[in-house]
Amino acid sequence: MTGSRRTVLGASTAALALAFSALVLTALEAAAEPVDYGKGDGTEQTGGGDATGIYAAARITYSGSVAGDGGTGNVTSSDVNWTPPPCWYAPYLGAKDFKKKMSKDIESQMNAPGMGGHAGAALSELQRHYEDEYGWTDTPGYKDYNVDKDGEGMFWAAVENPNEPDLLKRSSCNDLPFWVDNGEAPPPQYEEAITPEILAALAYQHMQLPDTEVSLAPEGTTKVNLPTWAWLDKAVFDEVQATAAINVPGFALQATTTAKPVSLKLEPGTADAETYPASGECTINDDGSIGEPYAKGKADRTPPCGIKYLRSSGNGTYNLQATITWEIAWTGTGGAGGDLPDGTFGSDQAVTVQEIQAINR
């Protein structure tokens, strides 16, 4: 038997939302500590399972250079319009576990005070959807929660991204749980179903870039009108990788996001300064370093990357900001891959500028 899914989900949204509220998952983040920048070989935390090996919820795990405790990393996208996914659909429960969970929730809400009229009718249709094969356009119903197919697939449900601050976006994946056979792709109407590309975006969101301090000469204290050389050695300035993966019976995906440093931007912290080059953008050298270390005999040369302060900092300091731009790409299960927006991360350094004319260095 079929009806209008649009009518049920539109006219009875409040009732269905109430019935379904207990099933909306909050993403369980792995407690991953930052490890080995650029290597991506951290110990992966796995989701929990029962004695049968059936997972109660699909858990995305993170490894490599990622923020601790499942938190957001320190990468800022250069594309202000790009954001990580606010929600997605992922494997939730096997048929028997889903029946136990869902039927209990429906019964509890049907017995709640005031649950009548449209709300009660919506709950009845929700029950018929999973028990008596009642469906809507493009959404078939199920017989007894598909228990005869237990172990052959899983019900998928919405997962909210806990790092998404916008509640409306976070809760926008509001379709009812749906069945997916092991080894099969989710139905095409569920555009937010988890994919390697979504995992790559989540790895991007959790990526932790190294807090690398720029080498300066003179270091810490410089002089008015004296060029200050700035550089980053390749040894402390390398690729960074973060991996996001999901692995449950009959379904496994992973994606690795790689950040490659490409340039350094210097902002002196005052308008009374000049940068080298004039744009303040120091590009990466062929050997992977940026800028050039100062050495004796270079006093009369202009640094390829650096700053010249034109005024003393007085009793204070100037806040020199060094921002690194990272080129970001990803690869994933099945040979998938592509580019993501460049990322940036900056660090601040206090620079004292003295009003002393330098003669020798």
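Reply: Happy to! Let's begin with a contact, which means heavy atoms within 4.5 Å. Before we use that, note that this is a predicted model, where local features need pLDDT of at least 70 and side-chain atom pairs count only at pLDDT 80 or more, while totals for chains, interfaces and linings use all residues. Residues are numbered from 1 along each chain as its sequence is written, and side-chain values use heavy atoms, with hydrogens and water left out.

Me: Among contacts between residues at least 6 apart in sequence, what share joins residues at least 24 apart?

Reply: In the protein chain, that share is 75%.

Me: How many helices and strands does the protein chain have?

Reply: Helices (H or I, at least four residues) and strands (E, at least two) are DSSP runs, numbered from the N terminus. Here there are six helices and 19 strands.

Me: And how do I read burial?

Reply: Look at relative accessible area: under 20% is buried, over 50% is exposed, and partly exposed lies in between (1.4 Å probe, protein chains only). In this chain of 361 residues, 46% count as buried.

Me: Now, what is a salt bridge?

Reply: The general idea is that side chains of opposite charge can pair when their charged atoms come close. By definition, a side-chain nitrogen of Lys or Arg lies within 4 Å of a carboxyl oxygen of Asp or Glu. Searching the whole structure turns up eight salt bridges.

Me: Which residue forms a salt bridge with aspartate 105?

Reply: Lysine 101 does, with the closest N and O atoms 3.6 Å apart. Aspartate 105 is buried at 12% relative accessible area, whereas lysine 101 is partly exposed at 29%.

Me: Where in the chain do aspartate 272 and arginine 311 sit?

Reply: First, their salt bridge: the closest N and O atoms are 3.0 Å apart. This pair links distant parts of the chain, 39 residues apart. Aspartate 272 is in the loop between β13 (251-267) and β14 (273-276), and arginine 311 is in the loop between β17 (306-309) and β18 (318-332). Aspartate 272 is partly exposed at 28% relative accessibility, and arginine 311 is partly exposed at 49%.

Me: Which residues are linked in a network of salt bridges?

Reply: Glu292, Lys298 and Arg301 are. Within this group, glutamate 292 and lysine 298 meet at 2.6 Å, N to O. Glutamate 292 is partly exposed at 23%, but lysine 298 is buried at 14%.
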